[in-house]
Amino acid sequence: MSGNYTPITREQLLTALTGKNRVQTVKGGKCMTCDDADTDFRDALSVREYTISGMCQRCQDEVFQC
Ligand SMILES: [Zn+2]
């Protein structure tokens with residue numbers, strides 16, 4: 001184990017991965033991955049996932065293959 005491990009937050013990781021700020025993106029009703037403003041969700045679980053990952057329904061479907 002290295003002593004140089006610097007923990008990063010989920011927000012920092014998401015921002016690093018997508019180049020976007022999740023809080024700002026979700027606030028603006030946009031998708032983190034495709035920039036779509038389609039925030040029509042199938043169920044409460046999908047809405048919850050959106051607040052966590054910032055992904056629209058379509059992107060969630062692609063990622064989770066459901
Ligand atoms: Zn999307």
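**View 1. Overall fold of the predicted protein.** Along its principal axes, the C-alpha trace spans about 45 × 25 × 20 Å. This is a predicted model, in which local features need pLDDT of at least 70 and side-chain atom pairs count only at pLDDT 80 or more, while totals for chains, interfaces and linings use all residues. Residue numbers start from 1 along each chain as its sequence is written.

**View 2. Confidence along the chain.** The mean pLDDT (the predictor's confidence in each residue, from 0 to 100) of the protein is 87, and 94% of its residues reach 70 or more. Confidence is lowest in α1, at a mean of 86, and highest in α3, at 93.

View 3. A residue is buried if 20 or more other C-beta atoms, placed from the backbone, lie within 10 Å of its own, exposed if 12 or fewer, and partly exposed in between. In helix α1 (residues 10–18), the number buried is zero of nine residues, so this helix lies largely in the open; α1 is followed by Gly19, with a positive phi near 75°. Helix α3 (residues 44–53) has one buried residue among its ten, so α3 also lies largely in the open, and just after α3 Gly54 takes a positive phi of about 75°. Across the 66 residues of the protein, 11% count as buried.

**View 4. Surroundings of Cys34.** Cys34 is found in the loop between α2 (22–27) and α3, and counts as partly exposed because it has 13 C-beta neighbours inside 10 Å. Leaving aside neighbours within four places in sequence, Cys34 is in contact with Cys56 and Cys59, a contact requiring that the C-beta atoms of two residues, placed from the backbone, lie within 7 Å. The C-alpha atoms of Cys34 and Met55, which are 21 residues apart along the chain, are separated by 8.0 Å. Among contacts in the protein between residues at least 6 apart in sequence, 21% join residues at least 24 apart.

Key:
Helix = DSSP H or I, 4+ residues; strand = E, 2+ residues; numbered from the N terminus.
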